[in-house]
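Take a moment to look at the sequence and turn the model around on your screen. Then we'll go through some parts of it together.

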Amino acid sequence: MAREGTSFSKGAGDGRSRVSEHIGVIGAGIVGLAVARELSAARGARVTVLDKEDRVAAHQTGHNSGVVHAGIYYPPGSLKARLCRDGVALLKEYCAEHSLPYTEAGKLVIASTAAERAALRGIAGRARDNGVPGIAELDALGLREVEPHAVGVAAVHSPHTAIADFPAVARRLAADVTGLGGEVRLAHPVTRLRETASKVEVLAGGRRFAFDRLVTCAGLGTDALARMAGSEGEVRIVPFRGEYLGLVGTARDLVRGLIYPVPDPRYPFLGVHLTRRIDGEVLVGPNAVMALALEGYTWGRIRAGDLRRILTFPGTLRLAARHWRTGVREVYGSLVKKAFLDAARRYVPALTGADLARTAGGVRAQAVRRDGSLLDDFAIDTHGRVVLVRNAPSPAATSSLAIARHIAQVVSRS
Ligand SMILES: Cc1cc2nc3c(=O)[nH]c(=O)nc-3n(C[C@H](O)[C@H](O)[C@H](O)COP(=O)(O)OP(=O)(O)OC[C@H]3O[C@@H](n4cnc5c(N)ncnc54)[C@H](O)[C@@H]3O)c2cc1C
């Protein structure tokens with residue numbers, strides 16, 4: 001059987017010929033590709049990326065809102081808070097260097113009630129603690145200067161929140177990896193991992209690879225790879241589908257940038273918002289409903305094996321028991337367009353039903369603990385020679401280049 005393994009190549013740092021490591025990265029989403037590039041460029045490793053799909057960015061990276069989050073909400077000191085801020089700076093520079101689209105469209109977090117106005121003060125304070133630049137607190141008139149068609153009692157404005165084309169970034173990262181002597185092997189589903197004394201053997205697409213180290217960045221496939229690595233851990237990925245509507249025709253002119261509600265801290269990714277995308281489309285959404293398959297992009301996509309694993313994990317049932325009311329509301333929003341319209345009209349009252357059309361959504365890979373709570377922060381673990389990314393939800397696309405640096409340090413330390 002053909003084996004790939006340690007090879008002789010030139011180290012990046014010292015310019016001397018040396019035996020370089022061969023590192024495998026599973027997942028050609030934005031996180032895996034950023035990790036592969038970082039390990040090639042900064043560490044001089046020979047890197048092979050394996051993905052089961054026939055294109056890069058096939059899952060979360062290619063199905064998201066395209067927002068470069070500024071780092072407003074995350075608990076100070078968390079990995080999310082730190083890597084989001086670092087990631088924004090790195091991503092902005094990377095997009096400029098490679099002529100990739102990046103626009104600081106600006107974001108308004110709008111309070112519609114007096115109670116939300118109080119929460120808004122906390123949000124502004126946290127944003128400043130996290131080092132988000134340019135944060136301004138606006139009254140009802142001030143917010144209309146930023147978004148003339150929006151209403152609310154007050155808002156926080158983050159003028160540097162941006163929009164970008166994450167699939168284009170992923171494609172560019174893949175080109176960097178190959179340019180640095182690595183390879184991106186698509187249509188290579190990983191079906192087996194085995195650690196030997198000095199290698200990690202990987203079976204992918206019928207071929208066997210032998211790596212010195214392995215990093216898994218598999219999004220919705222995280223648990224399957226953790227099982228293969230013999231390290232299931234305490235959390236499981238629960239797939240939450242986010243569905244969107246898109247504004248049609250001149251209704252797009254009603255929104256300049258990004259309009260968000262005051263988030264409910266219990267459900268950080270809920271709350272219908274309006275998001276201008278880099279291609280000019282304006283998204284309304286998403287909601288969040290539990291998908292019936294890991295890659296359950298529609299209600300019709302059901303996979304018994306995925307469902308069994310999701311539903312037999314105690315965390316899923318506890319999550320459902322605790323939050324069933326919200327769940328029912330979200331499912332209603334999924335089935336009834338008017339629920340979306342009502343949520344959006346709270347911020348932009350001029351919208352009508354005729355302005356909205358269904359558009360593609362995405363499925364979030366969200367790690368859930370056994371007690372039913374969501375694992376909010378990014379989570380990265382090491383098991384022998386394998387580094388496992390266990391939780392990389394939003395803002396992982398924003399943070400990808402900083403996550404990659406962080407993982408390169410984890411690889412060096414372990
Ligand atoms: C609806 C939605 C909106 C979002 N909005 C934003 C946003 O505005 N801003 C932001 O920063 N983030 C956002 N996110 C989050 C962001 O998209 C993700 O955090 C990010 O894309 C994660 O990247 P990834 O590379 O880890 O995962 P993915 O892009 O999902 O890539 C994982 C890859 O692993 C591959 N894989 C899995 N299993 C295997 C296997 N066994 N063998 C080989 N390959 C395998 C898959 O094919 C896939 O290509 C959003 C996510 C969703 C779903």
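Predicted model: local features only at pLDDT ≥ 70, side-chain atom pairs only at ≥ 80, totals over all residues.

Residues are numbered from 1 along each chain as its sequence is written, and side-chain values use heavy atoms, with hydrogens and water left out.

Averaged over the protein, pLDDT is 90, and 91% of the residues score at least 70. Be careful with residues 1–19, though, where pLDDT stays under 50. For that stretch the model has 39 contacts beyond four places in sequence, a contact being heavy atoms within 4.5 Å.

Now for the helices. Helices (H or I, at least four residues) and strands (E, at least two) are DSSP runs, numbered from the N terminus. Is Ala36 buried or exposed? Its relative accessible area is 0%, so Ala36 is buried. The scale works like this: buried means under 20% relative accessible area, exposed over 50%, and partly exposed in between, with a 1.4 Å probe and protein chains only. Leaving aside neighbours within four places in sequence, Ala36 touches Val25, Val47, Val49 and Val177. Ala58 sits 22 residues from Ala36 in sequence, and their C-alpha atoms are 17 Å apart in space.

Next, find helix H2, residues 79–97. Two packed helices are described by the angle between their axes and the distance between the axes. Here the axes are lines fitted to C-alpha atoms, for helices over the stretch in contact, and angles run from 0 to 180 degrees between N-to-C directions. H2 packs with helix H10 (residues 396–413) at about 110°, and their axes are 6 Å apart. H2 and H10 are therefore roughly perpendicular to each other. The labels go by angle: under 35 degrees is roughly parallel, over 145 roughly antiparallel, 65 to 115 roughly perpendicular, and the rest oblique.

H2 has another packing partner in helix H5 (residues 166–179), at an angle of about 75° and with axes 11 Å apart. This pair is therefore roughly perpendicular too. Look for Leu91, Tyr94 and Cys95 in H2 meeting Phe166, Val169, Arg172, Leu173 and Asp176 in H5.

Let's move to a sheet. Strands of a sheet pair through backbone hydrogen bonds, either parallel or antiparallel. An open sheet of three strands runs in the order E12-E13-E14, with antiparallel pairing. Two strands pair if DSSP finds at least two bridges between them. Strands E12 (190–195) and E14 (207–211) stand at the edges with a single partner strand each, so one side of each has no neighbour in the sheet. On average, neighbouring strands here are turned by 20° against each other, direction ignored. Between E13 (residues 200–204) and E14 there are five bridges.

Most residues other than glycine have a negative phi, and most peptide bonds are trans. Ala57, however, has a positive phi near 60°. Ala57 is in the loop between strands E4 (46–50) and E5 (67–68), and is buried at 9% relative accessible area. Ala187 has a positive phi as well, near 55°. Ala187 lies in the loop between strand E11 (183–185) and E12, and counts as partly exposed at 45%.

Which peptide bond joins Gly285 and Pro286? A cis one, with omega about 0°. Pro286 belongs to the loop between strands E19 (282–285) and E20 (289–290). The bond from Ser394 to Pro395 is also cis, with omega near 10°, and Pro395 is in the loop between strand E23 (386–391) and H10.

Finally, the cysteines. A disulfide is a pair of cysteine sulfur atoms within 2.5 Å, and by this rule the count is zero. Cys95 is buried, at 1% relative accessible area. Cys217 is in no disulfide either, with the nearest cysteine sulfur, that of Cys84, 18 Å away. Cys217 is buried as well, at 10%.

Terms used:
pLDDT = per-residue confidence, 0-100.
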